[in-house]
Every structure is written in structure tokens, then in C-alpha cells.
Amino acid sequence: MLEATAASVLFGFSYLMCSIAFEYITPEQLLCVRYVLAFAVMTLLLLFRLIRVNYRGKPVKKLCLMGLLYPVIGFLCDNYGTYYTSSAMAGSIMAAIPVVTMVVSLLVLRERVNRRQVLCALLAVVGAIFISAGNFADGTSLKGVLLLLGAALTNSLFTVLNKKYAAIFTVEEKSYFQIGMGAVSFTLLALPGILRGEFDRAVWRSPLLWMAICYLGILVSVVALLLLNDAIRKITPTQSAILSNLVPVISVVSGVLILHDAFTPLQMLGVVIVVISAGGVVMGGVSAPEASQ
């Protein structure tokens, strides 16, 4: 529970850091540099034997599927879905992840869900919708909605498969492979723009940019991912998904305190509801089912 909460806090500040980085570079360049840095850090940890991986004799294809879902497809659907919709619509669709994860867990893992989890999941959705309250029609397109629905489904499938394969792969093996797939995929995505000359050397001298990149590349892509992968091994996917709705809470609070964003009473109510739902999950303390192969 604590690991999942800590991961959500780290992910929550990532939106602030992305906003800072986007003042200097494109989303494609940020994803590329972020994951190349993360892969370099994980490789150094591996060389110094601080982590261990061994893929020999293991079904690596399962890891390919996990890495494809997150970060590759998940990030692309999330980023471009948000671009083609309003922030209110994006936040509200992504708020449904706990409910989608609960359904997928029931179908794939036969996870037992109690009334407390159902109530907390629904509360988390309502709270996140309040946090994202705004003009749902502004700048919204069908393409954007479909991409965001894809991001929600991708996130849920990743969480469930992560639990399913917990008995096959270690946390380090899953994380290293996912980060490696992200580094390769996002480098290929950014390469055409770099070849077209969309690369300004001057902006890379900014300390603020490198602060954002280091936070996203090390604390989020490495530390938060390790925490999340280990948490999913110990708790149910539904519990993990509900706790992940702390992300918009941290995002909104950081925006208000640091960027001086507006904070409405409806958003305040949403924050309170999400915190209550997360507290309900933690206080419930239902034991996670054994991971299956």
C-alpha cells in the first residue's frame, strides 16, 4: 500500500515537470531523453550489481506485451489523447481506470472484489471527475476520446498482466525490460524530428529543463516504476488502481502551490473524495490473491 502510494505521489509531480520541460522541447524529445536516461541508470545499477536480471529460459514474449502496453502504447494514447481533448475530458476518462481494472481483474485473474473496494473505486472515479471539472466540449474530438479510452484500457491490462506474471519475473526484470522498450521506441519516435533539424542545442543548457528530465527519468521512470511493480506483486490490481487516483490530487495541489493554478471548491471536494477512497483501500487491508502463471 505504501509503495503504491509513494509511486502515485512521484507520478503526480510528473505533470508539473512535463509542463516545465515542454517550455523547451517537444513531447517526443522529452520521452526519448527521459527513457534513455532511465535505461542508462538501470544499466549502471545492473553493472554495479545493485539489481539482478536473468531472462534465460523465461517467456520474454510476455514481457514484450507488458512493455508494449506500458510505457509504449499507454504513453502515446495518453499524450495524444490529451492533446485532442479538453483536460476535463481527459481527466474524467482516465478516472475510470479503477473500475476498468476491477472488471479486467475479475475476467482475467478471477480476483475477489468486496463491497469496500467497489465503493472506493466508484468514489475515486467521482472524486477524479470533480478534480477535472471544466469545459468538456472545449477542444474535444472523437479521436481524442478513443485514444484516452485506449489509454485507460491499456493501463488496466498492464496492471492485471503485471500481477499475473509476478510469479515468473522479478520486479527488476520487468522494470528493466519495460524501460528498455521505452528507450528504443521513443528514440525511434523522436528520430525523424531530430533529422529534420528540430533540435535546438541552446535549450539544452537550461538547468530547469535538466531538473525536469532528471526527475522524470530517474524518480518517475525508474524509482516509481520499481515501487509500482513491487506493489502490484503484493496487493490486488484493483487496490493499486484506486490508489493511482492520488495522481491527479498531487498534480492539482502541485499546480496550485507552485504554478499558482486556480483551485475551485469543486476540485477541493474532489480531492477530499479521492483521499477518502484511498484511505478506505488502505484501512480495508484485504489480502491480495496469489499471483498465477
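In which helix is the place of Val-99? In this predicted model, Val-99 is placed in helix α5. With a relative accessibility of 31%, Val-99 counts as partly exposed. Val-99 belongs to a nonpolar patch on the surface, which is formed together with Val-103, Leu-107, Val-108, Val-118 and Leu-122. The accessible area of these residues together is about 470 Å². Two elements, α5 (97-108) and α6 (115-131), each give two or more residues to the nonpolar patch. The most is given by α5, which provides four residues.

Charged pairs were examined next. Side chains of opposite charge can pair when their charged atoms come close. A search of the whole structure finds four salt bridges. One of them links Glu-3 and Lys-234, with the closest N and O atoms 3.6 Å apart. Glu-3 lies in helix α1 (residues 2-21), whereas Lys-234 lies in helix α9 (residues 207-234), so this pair ties together parts that are 231 residues apart in sequence. Glu-3 is partly exposed, its relative accessible area being 23%. Lys-234 likewise counts as partly exposed, at 44% relative accessibility.

Lys-234 also forms a salt bridge with Asp-230, and here the closest N and O atoms are 2.9 Å apart. Asp-230 and Lys-234 are both in helix α9, and because they are four residues apart, about one helical turn separates them. Asp-230 counts as buried, since its relative accessibility is 12%, under the 20% limit for that class. Through salt bridges that share partners, Glu-3, Asp-230, Arg-233 and Lys-234 are joined into one network.

A further salt bridge is formed between Glu-173 and Lys-58, whose closest N and O atoms are 2.8 Å apart. Glu-173 is located in helix α8 (residues 171-195) and Lys-58 in the loop between α2 (27-47) and α3 (60-83), so the contact ties together parts that are 115 residues apart in sequence. Lys-58, by contrast, counts as partly exposed, with a relative accessibility of 25%.

The arrangement of helices was also considered. Two packed helices are described by the angle between their axes and the distance between the axes. For α2 and α9, the axes come within 9 Å and cross at roughly 55 degrees. The crossing in which α2 passes α9 is right-handed.

Two backbone features complete the description. Tyr-70 and Pro-71 are joined by a cis peptide bond, with omega at about 20 degrees. Pro-71 is found in helix α3. The other feature concerns Arg-49, which has a positive phi of about 60 degrees although it is not a glycine. Arg-49 lies in the loop between α2 and α3. At 63% relative accessibility, Arg-49 counts as exposed.

Key:
Residues are numbered from 1 along each chain as its sequence is written. This is a predicted model: local features need pLDDT of at least 70, side-chain atom pairs count only at pLDDT 80 or more; totals for chains, interfaces and linings use all residues. Side-chain values use heavy atoms; hydrogens and water are left out. Patches are made of residues with over 30% relative accessible area and no salt bridge: like charges are joined within 9 Å, nonpolar side chains (Val, Leu, Ile, Met, Phe, Trp, Tyr) within 5 Å. Accessible areas come from the Shrake-Rupley method with a 1.4 Å probe; for residues, only the protein chains shown count as cover. A salt bridge is a side-chain nitrogen of Lys or Arg within 4 Å of a carboxyl oxygen of Asp or Glu. Buried means under 20% relative accessible area, exposed over 50%, partly exposed in between (1.4 Å probe, protein chains only). Axes are lines fitted to C-alpha atoms, for helices over the stretch in contact, and angles run from 0 to 180 degrees between N-to-C directions. A crossing is left-handed if the near helix is turned anticlockwise from the far one by less than a right angle, and right-handed if clockwise.
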